[in-house]
Structures are given as structure tokens and as C-alpha cells.
Amino acid sequence: MNTLSMTTHVGGGYKREHNNRHNPPDHADTTRSHENLIIERDPSELYAKCFQAELEAYNASKKPSRRIHDLYGHLKQIYDEAEAKDRKISPSCTKYRDKRKSPTKEMIVQFGNLQDTHDHEAEKAALLDYAKTFEKRNRNLRLVGVYIHMDEATPHMHMVFISKATSPELSQLFQRLSFDRALQEMGHTATRDALGRKITPFESWERSERAELQRIALEHGIQTRESVMEQSRKHLDKSSYIISQETARANQAREAAKLAHNRHINGLAQLLHDVPGLLGDLTRAVRISQGKEPPVPTLQQDRSHERSR
């Protein structure tokens with residue numbers, strides 16, 4: 001049985017023209033493009049279908065100038081503006097996007113790498129089966145598109161989806177857009193592992209999806225192992241990242257305080273060691289000033305005395 005690494009990555013936003021091959025990458029092998037599998041919906045229509053009642057209620061309370069007619073387009077415009085600000089800082093910057101709701105999520109799934117021998121048909125079948133059962137496993141997630149690319153060096157799949165929290169207690173439109181809340185309603189709550197480390201709803205969901213992907217791959221004769229990327233990559237949500245950074249800073253401050261304390265103790269020890277000599281010098285100076293003790297001759301006085309002899 002073939003053993004391949006298994007890589008998954010989930011991020012915000014997606015490049016539709018790249019995925020549906022309206023704008024294929026330069027390295028794509030066009031002689032194999034017919035092997036690609038592309039299934040997609042219009043994201044604006046899907047948003048309108050999923051959030052029709054919530055959007056109507058939202059618009060009913062707003063002035064005509066403040067109403068939203070295309071929810072996906074509205075969210076995408078805000079996200080794209082944030083992305084443009086990030087790009088001006090650096091290609092990897094997400095400062096502004098972290099503060100915005102991504103209109104879609106994209107999961108990229110890949111078996112193996114360039115060094116592996118691939119059974120393209122088996123991998124394609126496994127990826128498709130995984131996509132077919134995605135909405136059944138995830139009742140709060142709806143697929144926008146499934147894009148299996150066979151025209152690049154390694155077969156892989158882009159899976160784009162939106163989320164909707166459905167709890168009756170969430171009465172506001174933008175509350176129902178929460179990806180984190182949608183995952184919690186599906187049973188992926190924050191918890192801790194055996195070592196006490198925090199597991200976020202996203203991490204819980206991703207682990208569950210990876211386990212299902214491994215099971216499906218095995219049905220198609222693909223034995224999977226963790227890729228180097230997955231072994232080293234740590235998924236931290238924004239709050240976890242902040243906590244980790246603050247913990248690091250606290251540890252640095254603690255070490256600095258410890259060093260300063262040790263230096264202070266060493267300084268006090270040296271001072272105490274010098275106190276007897278300092279007290280002796282002070283006592284002698286007082287006695288000299290009172291005429292009770294002759295002054296200590298200086299080096300110049302000693303030399304004058306020697307010349308007089």
C-alpha cells in the first residue's frame with residue numbers, strides 16, 4: 001500500500017479565477033487540464049439563500065443608504081480593502097484582515113509531494129469522496145466550490161465554504177456569520193489536552209476532519225502519514241497567539257528581574273565586605289581633623305623628605 005504525507009491548510013478568502021482555471025498558473029500542465037474536476041456555486045447566490053431571513057431583518061431596521069443588498073459582495077469588499085492594507089506592509093502581514101470577517105474559508109488538501117510516486121486516480125477519488133461527505137459531517141458549513149487540480153505537480157484540492165451559526169439565541173445577522181460559533185454548535189468546543197494545552201474549536205474541528213480524510217484515503221489504498229509541515233505547524237487563533245506572546249514577554253521580564261536581583265545582591269555583598277575598611281578610613285579622617293592623629297604623608301611629601309636627606 002502506498003504511503004503518502006497528508007497536508008491540510010485552512011485560510012480566509014480564495015482566488016476564484018485561479019481555482020476554476022479561468023486564470024491558470026504558468027506552471028499548470030494544460031495537457032492534463034481535462035482531468036481537473038471543478039464544481040462551484042455563485043457565492044453571492046449562496047449567501048442570499050443561506051442568510052435571506054437574517055438579511056431582510058437587518059435591512060428592515062436600516063435607512064435605505066445603509067442597507068446591504070449583496071451580503072457576499074459587502075463582506076468581500078471589506079475583506080479586500082483590509083488585504084490591500086496588509087499587502088502595503090508586507091506579503092505575509094494579516095494585521096487588518098485579522099480584524100475582518102472573511103466571506104469564505106478555503107481548505108487545501110494534498111496527498112504526498114514531488115518526491116512521491118502518485119496514483120492520480122486513487123488520490124482524485126479520495127479527494128472527491130471527502131468533498132462529497134463534507135456538508136453531511138458539517139451541518140453549519142456550505143460548500144461554495146470544490147476544485148480538484150490534476151494539472152500541477154502534485155494532485156490537490158481547494159475546497160471553499162461559508163459558515164452559518166444557527167442557534168436561536170443569535171438574533172443578529174453578523175452573529176450568525178461567526179465561523180467559531182458555527183463550529184461550537186457542531187460540538188467542537190474549546191477544551192484542553194492531556195498535557196493541559198488549550199485546544200480551540202478550530203483545532204478540534206480540523207483534527208476531526210483530518211481523521212475522516214485519513215479514513216477515506218485508506219479506503220482508496222492510500223496510507224497516510226503526517227507531513228513535515230503538519231508536524232511543525234502550530235495552529236493558533238488570535239487570542240492564543242496573544243497569550244503565547246505575553247507569556248514569552250513575562251518569562252523574559254522574570255529572567256531580567258532575576259538577573260537584576262542577583263546583581264543587587266552581589267553589589268550589597270561587596271559593599272558589606274568594604275564597610276570595615278571604609279569605617280576605618282572615616283574614623284582616621286575624623287581623628288586627623290581633630291588633631292588627635294598626624295596626617296598621612298602624601299607621595300609628594302615622601303619624595304621631598306627623601307631629597308632633604
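Predicted model: local features only at pLDDT ≥ 70, side-chain atom pairs only at ≥ 80, totals over all residues.
**Entry 1: two helices**

I looked up the numbers: the axes of α2 (residues 43–50) and α4 (residues 71–89) come within 7 Å and cross at roughly 120 degrees.

Next I checked who meets whom. From α2 I noted Pro43, Ser44 and Tyr47, and from α4 Leu71, Tyr72, Gly73 and Leu75. Sorted by class, that contact has five nonpolar residues, two polar ones and no charged ones.

**Entry 2: the cores**

Which residues touch the most other members of the largest nonpolar core? I got Phe111, Tyr130, Met157, Met159 and Trp205, out of 29 residues in that core. Several elements each give at least two residues to this core, including strand β3 (105–111), helix α5 (120–132) and helix α8 (201–219). A separate core of 17 residues lies apart from it, with Leu46, Leu75, Tyr147 and Ile162 among its members.

**Entry 3: Thr224**

Is Thr224 buried or exposed? I found it buried, at a relative accessible area of 12%. Thr224 belongs to strand β8 (residues 222–226). With sequence neighbours up to four places away left out, Thr224 touches Leu4, Met6, Phe111, Gln214 and Ala217.

**Entry 4: salt bridges**

A reminder to myself: side chains of opposite charge can pair when their charged atoms come close. I count 17 salt bridges here.

Glu209 and Arg137 pair up at 2.8 Å, N to O. They come from distant parts of the chain, 72 residues apart, with Glu209 in α8 and Arg137 in helix α6 (residues 134–137). Glu209 is buried at 3% relative accessible area, whereas Arg137 is partly exposed at 25%.

Arg215 and Glu219 also form a bridge, at 2.6 Å, N to O. Being four residues apart in α8, they are separated by about one helical turn. Arg215 is partly exposed at 40%, and Glu219 counts as exposed at 56%.

I also jotted down Asp193 with Arg197, where the closest N and O atoms are 2.9 Å apart. Asp193 is partly exposed, at 21%.

Last, I found a network of salt bridges that links Lys15, Glu83, Asp86, Arg87 and Arg97.

Note on methods
Residues numbered from 1 in each chain as written. Heavy atoms only, no water. Buried < 20%, exposed > 50% of the residue type's maximum accessible area, 1.4 Å probe, protein only. Contact = heavy atoms within 4.5 Å. Core = buried A, V, L, I, M, F, W, Y, C linked by side-chain atoms within 4.5 Å. Axes fitted to C-alpha atoms, helices over the stretch in contact; angles between N-to-C directions. Nonpolar A, V, L, I, M, F, W, Y, C, P; charged D, E, K, R; others polar. Salt bridge = Lys/Arg side-chain N within 4 Å of Asp/Glu carboxyl O.
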